[in-house]
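Dear colleague,

I am passing on the structure below, together with notes on what turned up in it. Please read the notes with the coordinates open.

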Amino acid sequence: MDRAAFVGFVRSQGWGVVASLGDDGGPQAAFLAVAATDAGELVFDARASSRKVANVARDPRVAVTVGGTDGTTVQCEGVADVPAGADRRRCAAAYAAAFPQFAGSLGDDGIVLLRVTLAWARYGDFRDGRSVTTEVDVTGWGLAGD
C-alpha cells in the first residue's frame, strides 16, 4: 500500500479509534472521525479539555486504527501534535473536506485539531476468512512540502 492508497483508504473509512497514554501510563482510547491529508498524516479534532489533548501534550505517542466495519483496517502508530500556521490550515482543510458537518467546530476555541505523523502502519484484510496483513512503508510521509 503506497501513500495514495493509504490516504484513499482512510478517506473511504472515515472513523477510527485513537489511543493515547494517560498520566498514569495506562491506555485511553476514543472512537473519532479521522481524516487523512495528502501527505499521509491523520487528522482529528477534540475538545481542548479532553483527556487525549492533555495526554498528547504530555506524551505525543499514539496508536490509531481506522476501519474495521468491512473487514479491512489500518493500524498505525506515530506522534501527535497540534499543528500551527500553514500546517494547521492544510490539516483543517483535509478534515473539513472529509467531515463538512464538523467544519464549523474548527473555528471554536474549545476545539483542538490534532495531527498524527506516522512511524509505523499495517494494513489488514480479514474479509471472507482471509487473514492478510501487509506492512506499510511510511518512511518520509508527512514531511513539509509533501
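Is Phe99 buried or exposed? Phe99 is buried, with a relative accessible area of 5%, where buried means under 20% relative accessible area, exposed over 50% and partly exposed in between, computed with a 1.4 Å probe on protein chains only.

Before the rest, two notes on conventions. This is a predicted model, in which local features need pLDDT of at least 70 and side-chain atom pairs count only at pLDDT 80 or more, while totals for chains, interfaces and linings use all residues. Residues are numbered from 1 along each chain as its sequence is written, and side-chain values use heavy atoms, with hydrogens and water left out.

Aromatic pairs

Searching the whole structure gives seven aromatic pairs, a pair being rings of Phe, Tyr and Trp (its six-membered ring) whose centres lie within 6.5 Å, with planes under 30 degrees apart counted as stacked, over 60 as edge-to-face and the rest as tilted. One of them joins Phe6 and Trp141 in a tilted arrangement, at 5.2 Å centre to centre and 55° between the planes. This pair links distant parts of the chain, since Phe6 sits in helix H1 (residues 3-13) and Trp141 in the segment after strand E8 (132-136), 135 residues apart; helices (H or I, at least four residues) and strands (E, at least two) are DSSP runs numbered from the N terminus. Both Phe6 and Trp141 are buried.

Trp15 and Phe99 make an edge-to-face pair, at 5.7 Å centre to centre and 70° between the planes. Because Trp15 lies in strand E1 (residues 15-21) and Phe99 in the loop between helix H3 (85-98) and E7, the pair ties together parts that are 84 residues apart in sequence. Trp15 is partly exposed, with a relative accessible area of 35%. Trp15 and Phe99 also belong to one aromatic cluster with Phe31, Tyr95 and Phe102.

Leu113, in strand E7 (residues 111-125), counts as buried at 1% relative accessibility. Leaving aside neighbours within four places in sequence, the contacts of Leu113 (heavy atoms within 4.5 Å) include Val43, Phe44, Arg88, Tyr95 and Leu106.

Most residues other than glycine have a negative phi. Asp128, however, has a positive phi of about 50° although it is not a glycine. Asp128 is placed in the loop between E7 and E8 and is exposed, with a relative accessible area of 75%.

Best regards
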